[in-house]
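Here is a short briefing to read alongside the model. Please keep the sequence and the 3D view at hand as you go through the points.

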Amino acid sequence: MSASLMIGQEHYLIVSAILFCLGLTGILLRRNMIVMLMSIELMLNAVNLSFVTFSYFQQNLEGQVIVLFVMAIAAAEASIGLALAVMLFKKFKELNISFFEHLRG
Amino acid sequence: MAEIILFYFLAAVTVLTAVGVVMNENPLMSALYLVLSMLGIAGLFFLLQAPFIGAVQIMVYAGAVMVLFVLVMMLIDINKDEEKFSGGNISALFKGLTVGVFAGLLTSIILRTPMSTKILVAQQATEVVDIARLLFTKYVLAFELLGIMLLVIPVGIVALTRIRGGTHER
């Protein structure tokens, strides 16, 4: 097996970059608040993938520890965001962000 | 050889389902695609010899977080979703341009950075013990802060759901 055929660091990093850009597209283009939260999760996962990639290719475990922290914070962020979404739905009967132009209390 | 095939398979599944998350018009289908994408990323973690992180990924993301999303969608009427993509052609053009520029920036950084291409000698899976040792010695302060944050978050959510009206009325 030649060395050029091996899966290197770049392959994983490019998958991570593609995922991050897809999440960014979702944030920018979609209007449903829940789908935007899902896109944020996608971006966080892309970053986790690059952390684990560096951790593996540099034989350094600290990347995996950081990934654990990121996962906990992402779960907390998702719960807060969904609670806010439920609140907004109770108030506006709508989750499309183009209807949230009057957010004054 | 099996590793290469597995990598390309997992990468294709992850990326295609991520496209499904962004492009699907039904938020419930988006959530289901997101589960598949998370599972693909967990498979990539296993391939990177990080089985503990992969297992946590499956449990926390594909399990807990996605159940939370689907549960909230049950509470919310998602049948009508007109105007699912934002506004006019001009703004869409600028958004596409932004993403394109950012993607080009990332790829050029990745491709221009000299990566160490040498294949590692000892490629055995990381043990949970090693992660735990690092977590409870060097990062113990961050770990405790994370515990405090996880205590504050439920309190905040309960406080949030008990607010009636806007910020100006009690």
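In chain B, residues 24 or more positions apart account for 55% of the contacts with a separation of 6 or more; two residues are in contact if their C-beta atoms, placed from the backbone, lie within 7 Å. The model is a predicted one, in which local features need pLDDT of at least 70, side-chain atom pairs count only at pLDDT 80 or more, and totals for chains, interfaces and linings use all residues. Residues are numbered from 1 along each chain as its sequence is written, while chains are lettered from A and ligands numbered from 1 in the order in which they are written.

**Chain B**

- Chain B has six helices and zero strands, where helices (H or I, at least four residues) and strands (E, at least two) are DSSP runs numbered from the N terminus.
- Read from the N terminus, the order of its elements is α-α-α-α-α-α.
- Of the 170 residues in chain B, 19% are buried; a residue is buried if 20 or more other C-beta atoms lie within 10 Å of its own, exposed if 12 or fewer, and partly exposed in between, with C-beta atoms placed from the backbone.

**Where the chains meet**

- On the chain B side 72 residues are in contact with 63 residues of chain A.
- The side of chain B that touches chain A draws at least two residues from each of α1 (2-23), α2 (27-47), α3 (51-75), α4 (89-112), α5 (128-137) and α6 (140-162) of chain B.
- That side of chain B divides into 51 nonpolar, 15 polar and six charged residues; Ala, Val, Leu, Ile, Met, Phe, Trp, Tyr, Cys and Pro count as nonpolar, Asp, Glu, Lys and Arg as charged, and the others, Gly among them, as polar.

**The largest nonpolar core**

- The largest nonpolar core holds 56 residues, and Ile34(A), Met38(A) and Val52(A) have the most contacts inside it; such a core is a set of buried Ala, Val, Leu, Ile, Met, Phe, Trp, Tyr and Cys residues joined through C-beta atoms within 7 Å.
- Two or more residues of this core come from each of α1 (9-29), α2 and α3 (62-92) of chain A, and from each of α1, α2 and α3 of chain B.
- α2(A) gives the largest share, 13 residues.
- Leaving aside residues up to four places away in sequence, Ile34(A) touches Ala85(A) and Leu95(A) as well as Pro27(B), Phe69(B), Val72(B) and Met73(B).

**Helix α2 of chain A**

- α2(A) is mostly covered, with 20 of its 25 residues buried.

**Residues to look at**

- Gln59(A) lies in the loop between α2 and α3 of chain A and has a positive phi of about 50° although it is not a glycine.
- Gln59(A) counts as exposed because 11 other C-beta atoms are within 10 Å.
- In chain B, Gln49(B) sits in the loop between α2 and α3, with a positive phi near 60° in a residue other than glycine.
- Gln49(B) is partly exposed, with 16 C-beta neighbours inside 10 Å.
- Ser16(A) belongs to helix α1 of chain A and is buried, with 25 other C-beta atoms within 10 Å.
- Not counting residues up to four places away in sequence, Ser16(A) touches Ala46(A), Leu49(A), Ser50(A) and Thr53(A).
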